[in-house]
Amino acid sequence: MGYQTTTAKMNAIFADLSKEYVIYAPKRYVGDGTFVHIDTIRYGEITDLSEIEFAEKSNYSFKEVLLPISETLFYFTENEMKEADAPKKGAIVFLRSCDLHGLKRMDAIYLENGAVDTYYKRLRDNTKFILMGCENSFENCFCVSMGTQQSDDYDAYLKVAGETVLVDSHWDVLDAALAGATQTPVIPDSVTANDTVVTIPETVPQTLFDSPFWEDYGNRCIACGRCNFVCPTCTCFTMQDIFYTDNGKAGERRRVWASCHVDGYTDMAGGHAFRNDKGQRMRFKVMHKVNDYKRRFGTHMCIGCGRCDDVCPEYISFANCINKLDALVNDTAKEEN
Amino acid sequence: MLDLNTKKIKKNAYRVTKVRGETASRVRVPGGLLTAELLPLIQNIAETYGNGKIHLTTRQGFEIPGIKYTDIDAVNALLQPIIEKLNINQEIPGKGYTSAGTRNISACIGSNVCPFATYNTTNFAKKMEQEIFPNDLHFKVSFTGCANDCIKTRMHDFGIIGMTEPQYEKERCMGCQACVKACKKKSVDALSVENYRIVRNTEKCVGCGECVINCPTRAWTRSPETYYRLVIMGRTGKRNPRLAEDFLVWATEDAIIKIIKNTYGFVTNYIDREAPGGKEHIGYIIDRTGFSEFKKWALDGVELDSRTIVKGPIYWGGIHYD
Amino acid sequence: MALTELNTSKSENPYIPFLSEITDVIKHTKIEYTFRMTYHGDVKPGQFFEVSLPKFGEAPISVSGIGDGTVDLTIRKVGKVTDEIFENYVGDTLFLRGPYGNGFDIANYKDKEILLVAGGTGLSPVKGIVDYFSAHPDDCKGFTLLVGFKSPKDMLFKKDFEIWKKNINIIMTVDYPDEHYDGNCGLVTQYIPELMIKGLTDAVGIVVGPPIMMKCTISDLLAKGFKEENLWISQERKMCCGIGKCGHCKIDDTYICLDGPVFNYTKGKFLKD
Ligand code: HEM
Ligand code: HEM
Ligand code: SF4
Ligand code: SF4
Ligand code: SF4
Ligand code: SF4
Ligand code: SF4
Ligand code: FES
């Protein structure tokens, strides 16, 4: 159901909802960027709509709400394990259409691939998703190429225009709260084109894995992992055991984000690393994003948010890499014919 | 038949050059950053009154050589819009630079461009300009964005090196150690790992911000306040060239401004009037009076932040030719 | 405290380990011990458990033997990882998760002529297969174990070899012999040409060991006439969660922890890190 209401009314509704939900949205953290006087836009708790950064794309995605950067799994003593408590409140998350598609990519890994992930599920089940529209494409976005520019799989859509708030609700609790508001059809803003257009090769022959194509990336990538950390669909983690005592019998086990670009990702206990070359790491990431994942789960993993291109300190463009790879695949096919 | 008061000319930022009859005009650019619109004005002076050449000085100014002493008034008129645009304190409008003792305040490019910078060096340089100019005493002050010290503050009487106090949000940390490696390889190895979390050795940390720059998840961010290391009494010259030593670490902007202004009082009080040209350099004055006397004057009425560390007594090294 | 009162059963939460008692410790070398752990449930050779090691964390350890209510975990002390476990002895406990992975399916090898080539600790994941056919020699048309160790000091499962040699053909070799050693020397691949395999087109080869050893052995077996579909390998990879979440073990669209570590070579040959 679509509604028109005011920011004051909406803030009051959120104040009420905040008794049961923590509200997360992209926020501007002034001066917290990589360099001095540069802001960072990332997810944080909000209490008022005015705190939400609607005008710009967030540097980091919403994924840290469902997959915290560092999450305690359980506490252990010599003979016992105690599962870490879930947050007492649920969560409401503001996010854009591409990210909402990203949620499905996370679901595939955490709810389907092998066992169900207890920690993800308990957060996921208590989270409501509020869509933020995109009036214009941002730099580096290629959602249209990935088919993620629209989504109706939301609990609500919300748009702020001055003092007016437009809401499309799929959530009974919100419908009830907005009962008195003017009803009106509300269609989410979405883009129809991006400056960046990406063509994905349907299959990449394995013979191209060793192509000199990747060497360029090997020379450029510094293995910082930023492209993975900002990505809403990268789901990798590593576990860490923390010991409170010298005898090593009591402590906690955490999981923290991991990146296939960063050193150590494939290292075995004895020290052997299966993918040391940074160009091969790029190949591995790219293939995961647009090819391997699809073979297993039916959709591409990448949702085209362009954050990896936004963040890479070495100006490596993932989008351009796919396009160049597509050209390489086509050229190789022609040569073989 | 030139009849000149060279003292007045020098004070007006013109040089008594080796070429008889010719002077050179020095155009100071506080903080070294100017709008491009001023360049044609400088070009015009060089082409109309100079020999068509411009020298870029070490202290971030333009030296326009080949000017006839007789054209000084005309040049001053052309300098006026430049002086105004650069917002330079001027006692008598239209008379050019009315004082040339305290040298141009120079600054590295800082946060305007440089990824390592911890603050806007130009802005602080301009602020300092407002506080200490015009002045006849020979002071060299410079600002640098970070501990790399590209402007070489350690060769100045007062060098201001930016510092940030890294803020650590442990819940955003993955223990990837990008910060630890950066600090070890590019800075002072002040970070270590304990239970997959990072511990900063606050004694060792120089506030360069390498950890902040290299953290991929914003676990490290900069403190809202900028801090500074104030290094003092570096110099070049014939007798005892030497690098400046730390005076304050984790100092604030206000403290630094007040200390430098206090030092003008100290120099005025102790300067050797018999020195050649009545000029004695601060460093040599402190060598005479002793560090503790300087410190008493410098810190008079200065409010120090709880974080600020005051060093001393300071012993300078350098090469002694005297 | 009796174990039954403790956390010995599996939790709903796949990350929470259960307690298992160490019932026996077999020392093979200075750095390789087999820990016999209580475990009641189905398990296959080639599967692995995530073992929590005090002061370190978890490590994936292959099942190197299956008993009645027990599993054997052969642990090699590599780096800091598994040092601490060596302080644990009989009666002590360890936390386990698993078993994970597909494991070897004995049915795939029954009634066939079997060549098993193992390098060093690569013998652990396939030891259950050797145990089985050594106990049931009539279930196959012949069993040859070709195994290489770095030196005589690195030999594993010495007592088991005594039992196995009664029923199966064993060729053991070491890379670096010492003065007391009078057996075969050199790499396992040196012994492949002289192997007498009766029906090469039907014989199965199982190859497990360090990456280079596997690569060379497989190319030699193919050259000898083994068919790709009759070759089986187990891929050792960095593992963390064991349940298809953490991503570390992934190669193309394959999760080694879920779809492996055992692969038929027709699939395994395409796995490129
Ligand atoms: C009559 C006395 C002096 C005059 C007229 C004088 C003048 C100048 C001038 C015009 C400059 C160039 C400024 C610019 O680049 O914009 C300069 C630079 C410099 N002067 Fe002097 N100076 C005097 C005394 C001294 C003394 C006593 C010292 C050292 C003890 C000194 C050390 C320097 C140094 C090192 C520079 C290079 C700029 C820097 O990086 O600091 N000067 N001086
Ligand atoms: C990331 C590392 C560095 C970068 C990006 C860098 C960049 C620069 C740049 C752009 C300049 C020109 C400045 C100008 O024209 O005013 C310069 C000059 C200079 N740099 Fe570096 N630099 C680096 C490291 C270093 C190091 C480690 C040292 C010495 C230990 C050094 C010593 C110098 C010197 C002596 C100059 C000449 C300054 C002058 O002309 O007065 N640089 N550097
Ligand atoms: S790979 Fe890049 S564009 Fe694709 S979802 Fe991840 S961050 Fe966005
Ligand atoms: S791209 Fe790399 S970090 Fe991202 S999910 Fe895939 S393997 Fe993990
Ligand atoms: S952000 Fe760029 S440099 Fe960093 S790991 Fe990714 S591709 Fe490499
Ligand atoms: S001193 Fe620091 S801030 Fe200034 S230019 Fe050099 S590196 Fe950049
Ligand atoms: S770089 Fe950031 S995430 Fe990595 S260890 Fe340092 S603080 Fe933690
Ligand atoms: S070990 Fe974590 S996904 Fe396979």
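Me: Hi! How many residue pairs are in polar contact between chain A and chain B?
Reply: Ten residue pairs, both at pLDDT 80 or more. A polar contact here is a pair of N or O atoms within 3.5 Å; within protein, one must be able to donate a hydrogen and the other to accept it, and residues adjacent in sequence count only if both atoms are side-chain atoms. This is a predicted model, where local features need pLDDT of at least 70, side-chain atom pairs count only at pLDDT 80 or more, and totals for chains, interfaces and linings use all residues. Residues are numbered from 1 along each chain as its sequence is written, chains are lettered from A and ligands numbered from 1 in the order in which they are written, and side-chain values use heavy atoms, with hydrogens and water left out.

Me: And how many salt bridges across that interface?
Reply: The rule finds two, taking a side-chain nitrogen of Lys or Arg within 4 Å of a carboxyl oxygen of Asp or Glu. One of them pairs Arg42(A) with Glu169(B), with the closest N and O atoms 3.6 Å apart.

Me: How many residues are in contact there?
Reply: 22 from chain A and 24 from chain B, contact being heavy atoms within 4.5 Å.
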